[in-house]
Amino acid sequence: MILEKLRIQKNISDDEFDGIYPFDIRELSKQHWTSVFVAKISSDYFCNRKPVKVLDIGSGVGKFCFVGATLHPTSEYHGIDIRQKFIDISNTLKNEHAVPNVSFFHQDVLQMDFSGYDAIYFFNSFQEKIDASTIIDRDSEVSVEMYIAYTNHIFNELNKVPVGTKLVTYYSEDFNVPNSFKLLATHINGELKFYLKDLGPEEITVQFNKNGISNHIDTIFLTE
């Protein structure tokens, strides 16, 4: 079993891990799913002191959650995704591979808050709303309005989480993260970032960077 091998060796290749998925899902892995290495070092950061409850925003077919939950069996991993088919695949694999500390939910992130989580992982889940080159399937729809709405919601929810909450972003723009978070470390040429919430709402005035998101959207459309 691949996950059992990961438990023992603590690291395996992406090609080997992706063997748990159907072929059409494996084909999406390089662009859309978190690598085993990134999932490992991110979950090590989340779980380095005590068991935690982790939220993966836009979990896809659950690769980040499976790696993290396998390596840290006393922590709890939750993945949410708007695509029901991805949640079905994730839950099927959860049962097949007997990973009790992971759960997957069909959920639009606009309809949830982030309270109750100790750590949050965000791998640029909404880029396909403005960048046609990142579209996953026919369910994708380019919409600048939705991209702004999702980004705004992420920003506001992150600002409300308690001091001490950990955050990891991967290939995500800085305007997603309020300045109530402190950047602790970067990896992979600055694309993987580890944060810690160190200021409460009463300690700092936080404003969404509208110019930052506008410039990012303009850049995407100018390069198409």
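**Figure 1. Asp 56 and its bridge partner in strand S2, Gly 79.** Strands S1 (residues 53–57) and S2 (residues 76–81) run parallel and are joined by five bridges; strands count as paired if DSSP finds at least two bridges between them. Helices (H or I, at least four residues) and strands (E, at least two) are DSSP runs, numbered from the N terminus. A further bridge links Val 54 to Tyr 77 of S2. This is a predicted model, in which local features need pLDDT of at least 70 and side-chain atom pairs count only at pLDDT 80 or more, while totals for chains, interfaces and linings use all residues. Residues are numbered from 1 along each chain as its sequence is written, and side-chain values use heavy atoms, with hydrogens and water left out.

**Figure 2. Cover over strands S1 and S2.** Four of the five residues of S1 are buried, so this strand is mostly covered. Buried means under 20% relative accessible area, exposed means over 50%, and partly exposed lies in between (1.4 Å probe, protein chains only). In S2, five of the six residues are buried, and the strand is therefore largely enclosed by the rest of the structure. In a regular strand, side chains alternate between the two faces of the sheet.

**Figure 3. Helix H5, residues 36–46.** The rest of the structure largely encloses H5, because eight of its 11 residues are buried. The buried positions are Val 36, Val 38, Ala 39, Ile 41, Ser 42, Ser 43, Tyr 45 and Phe 46.

**Figure 4. Cys 47 and Cys 65, two cysteines without a disulfide.** A disulfide is a pair of cysteine sulfur atoms within 2.5 Å, and a search of the whole structure returns zero of them. For Cys 47, the closest cysteine sulfur is that of Cys 65; it is 11 Å away, which is too far for a bond. Cys 65 is likewise in no disulfide, with the sulfur of Cys 47 as its nearest cysteine sulfur. Cys 47 is buried, at 12% relative accessibility. Cys 65 is buried too, with a relative accessible area of 0%.

**Figure 5. Asn 176, in the loop between strands S5 (166–170) and S6 (181–187).** Although this residue sits in a loop, Asn 176 is buried, with a relative accessible area of 2%. A polar atom of its side chain lies 2.9 Å from the backbone oxygen of Glu 173. A polar contact is a pair of N or O atoms within 3.5 Å; within protein, one must be able to donate a hydrogen and the other to accept it, and residues adjacent in sequence count only if both atoms are side-chain atoms. Leaving out residues up to four places away in sequence, Asn 176 touches Phe 122, Thr 151, Ile 154, Phe 155 and Leu 158. Contact here means heavy atoms within 4.5 Å.

**Figure 6. Glu 157 in helix H8 (residues 144–160).** Glu 157 is a buried residue, with a relative accessible area of 7%. Its side chain reaches the backbone nitrogen of Phe 114 at 3.3 Å. With residues up to four places away in sequence not counted, Glu 157 touches Met 112, Asp 113 and Phe 114.

**Figure 7. Lys 10, a residue other than glycine with positive phi.** The phi angle of Lys 10 is near 70°. Lys 10 belongs to the loop between helix H1 (2–9) and helix H2 (14–17). This residue counts as partly exposed, at 41% relative accessibility.

**Figure 8. Asn 189, in the loop between S6 and strand S7 (192–197).** Asn 189 is not a glycine, yet its phi is positive, at about 55°. With 80% relative accessibility, Asn 189 counts as exposed. From C-alpha to C-alpha, Asn 189 and His 97 are 34 Å apart in space, and they are 92 residues apart in sequence.

**Figure 9. The whole protein chain, with nine helices and seven strands.** The radius of gyration is 17 Å, close to the 17 Å that the globule rule gives for 224 residues, so the chain is as compact as a globular protein of that length. This radius is taken over C-alpha atoms, and the globule rule is 2.2 Å times the number of residues to the power 0.38. The C-alpha trace spans about 50 × 40 × 35 Å along its principal axes. Of the 224 residues, 52% count as buried. Among contacts between residues at least 6 apart in sequence, 68% join residues at least 24 apart.
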